[in-house]
Amino acid sequence: MRRTDPEGHGPVRYGPPLPGDGLPVLPELTAVVAAAADRAAAQPVGGAPALLESACGYWTRRALPCVPDQVAAGPGAPALLLALTAALAGDGADILVPRPCAAWWAPYARVLGRPVFHVPTPAESGGVPDPYALLETVRRVRAEGGDPKLLVLSVADDPTATVAPPELLHETVEAATAEGLHLVSDETWRDTLHAPHDTVLLSPAEMRPESVTVVTDLAGALLPPGWPAAVARFPASGTGQRLHARVLDILTALGARLAAPVAAAACYALDEPPPVTERREATARLHARLAAAAHSAVTAAGALARPPQAGRHLYADLSPLRESLTVQGVSDSQELEDFLTTRLGMPAPGGHRFGDDLAALRVRLSTGPLLGGTDEERTQSLVSPTPWEQPFVHSSLASLRSVFDDLRDDAQRREPPR
């Protein structure tokens with residue numbers, strides 16, 4: 001039975017936000033917003049021409065050339081995904097997503113009354129379904145009278161913080177397009193790679209440009225989470241033109257426009273001037289170091305976690321510590337979420353928020369809260385070659401290690417003598 005409580009824990013009303021970077025707003029962005037604060041006119045639905053041009057430049061620099069007629073902007077990726085889902089699957093079609101997947105994907109399909117089918121991901125990475133599991137799911141859904149039309153995936157993934165290998169992505173994209181699915185590629189985290197020179201990240205739109213729409217939430221690497229802005233790139237085809245027009249219709253009905261100051265900041269950030277790129281690269285380096293330290297603490301205690309490759313988070317499986325957690329009253333991921341949120345003093349959403357089985361003891365841990373402290377202390381962590389030595393970061397990591405070490409030690413005490 002679905003849990004309900006006063007905090008609104010439910011599949012639609014509650015979803016953990018994108019992992020923030022924990023850093024002060026870039027001063028140059030603040031200046032741009034302040035300069036646009038007296039603009040009273042509403043922005044056009046889908047974005048003003050200057051913003052669309054900036055988005056085209058952003059994607060062209062990533063081997064995804066486009067023109068403004070292929071682009072739409074909205075107040076955050078959720079608004080764009082809602083419009084895309086309504087446009088692509090609002091006529092009785094079904095939606096496929098990986099298991100696990102970003103917490104905000106499935107609720108928009110449920111709001112529209114559309115079923116969502118989760119497809120397992122392979123062992124090496126999340127975000128992209130296993131191609132054989134995808135084909136089997138499509139065939140099963142059709143055999144049961146369903147009509148799968150939309151697959152949402154992510155090559156740089158929330159929640160698992162992994163990057164899908166190009167060969168896996170190619171197989172999955174080929175399988176999806178062979179079955180007539182339209183793909184929405186969430187590329188929010190593509191600019192947060194921990195080892196950008198060693199990690200190969202390809203967009204599905206590079207492989208099948210005629211059947212892939214790309215969505216990027218600027219909160220991933222360019223803007224603060226509290227300034228909602230996102231852009232979508234549509235295929236350069238007749239289908240893409242019709243989809244673009246339909247999405248604009250839906251955004252108009254929703255009144256989903258960017259605020260003028262946020263639009264100005266988005267335009268500036270998408271142009272990627274030196275202050276933005278320098279902050280983005282420094283932030284990625286900082287969170288790579290924090291994620292590696294958190295991963296080490298979690299796995300040293302016996303939990304399982306793929307090495308994080310992107311983003312500001314990691315995804316841990318605490319099933320090897322189940323016996324210790326049971327003693328603490330933890331038997332599922334909701335109880336694990338409550339337990340770790342209290343013990344760590346930071347949000348620790350359980351795997352059920354991301355489509356995983358409630359009985360599985362999985363959790364997403366974010367690195368942003370590890371920074372804590374004042375703006376000055378967090379900025380110092382950003383420029384430090386050894387951020388883990390900063391007092392607040394050191395204390396946060398020590399607390400994280402302590403919680404997981406206690407679980408490990410309790411598990412070892414309960415092991416039968418050999």
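Helices (H or I, at least four residues) and strands (E, at least two) are DSSP runs, numbered from the N terminus. The structure described here is a predicted model, in which local features need pLDDT of at least 70 and side-chain atom pairs count only at pLDDT 80 or more, whereas totals for chains, interfaces and linings use all residues. Residues are numbered from 1 along each chain as its sequence is written, and side-chain values use heavy atoms, with hydrogens and water left out.

Thr177 belongs to helix H6 (residues 166–178). With a relative accessibility of 18%, Thr177 counts as buried, a term that denotes under 20% relative accessible area, while exposed denotes over 50% and partly exposed the range in between (1.4 Å probe, protein chains only). When residues up to four places away in sequence are not counted, Thr177 touches Leu183, Arg208 and Ser211; contact means heavy atoms within 4.5 Å. The side chain of Thr177 also reaches the backbone oxygen of Val173 at 2.9 Å. Between the C-alpha atoms of Thr177 and Cys66, which are 111 residues apart along the chain, the separation is 21 Å.

Helix H3 comprises the 13 residues 77–89. The expected span of a helix is 1.5 Å times one less than its number of residues. Because 11 of the 13 residues of H3 are buried, the helix is largely enclosed by the rest of the structure. Among these buried residues are Ala77, Leu80, Leu84, Thr85 and Ala89.

An open sheet is formed by 3 strands in the order E8-E9-E10, with antiparallel pairing. Strand E8 (304–305) and E10 are the edge strands, each pairing on one side only. Two strands pair if DSSP finds at least two bridges between them; E8 and E9 pair in the antiparallel sense over 2 bridges. Within this arrangement, Leu304 stands opposite Asp317 in E9. Helix H10 (residues 274–300) lies across E8, E9 and E10 and runs at about 5 degrees to E9. Axes are lines fitted to C-alpha atoms, for helices over the stretch in contact, and angles run from 0 to 180 degrees between N-to-C directions.

Side chains of opposite charge can pair when their charged atoms come close. A salt bridge is defined as a side-chain nitrogen of Lys or Arg within 4 Å of a carboxyl oxygen of Asp or Glu, and a search of the whole structure finds 20 salt bridges. In one of them, the side chains of Arg362 and Asp317 meet at 3.4 Å, N to O. Arg362 lies in strand E10 (residues 362–366) and Asp317 in strand E9 (residues 313–317), so the pair ties together parts that are 45 residues apart in sequence. Arg362 is partly exposed, at 26% relative accessible area, whereas Asp317 is buried, at 14%.

A salt bridge also joins the side chains of Asp406 and Arg343 (3.6 Å, N to O). This pair links distant parts of the chain, with Asp406 in helix H14 (residues 391–414) and Arg343 in helix H12 (residues 333–344), 63 residues apart. Asp406 is partly exposed, with a relative accessible area of 39%, and Arg343 is partly exposed, with 34%. Arg413 forms a salt bridge with Asp410, the closest N and O atoms being 3.4 Å apart. Arg413 and Asp410 are 3 residues apart in helix H14 and are therefore separated by about one helical turn.

Conventions:
Polar contact = N/O pair within 3.5 Å; in protein donor to acceptor, adjacent residues only side chain to side chain.
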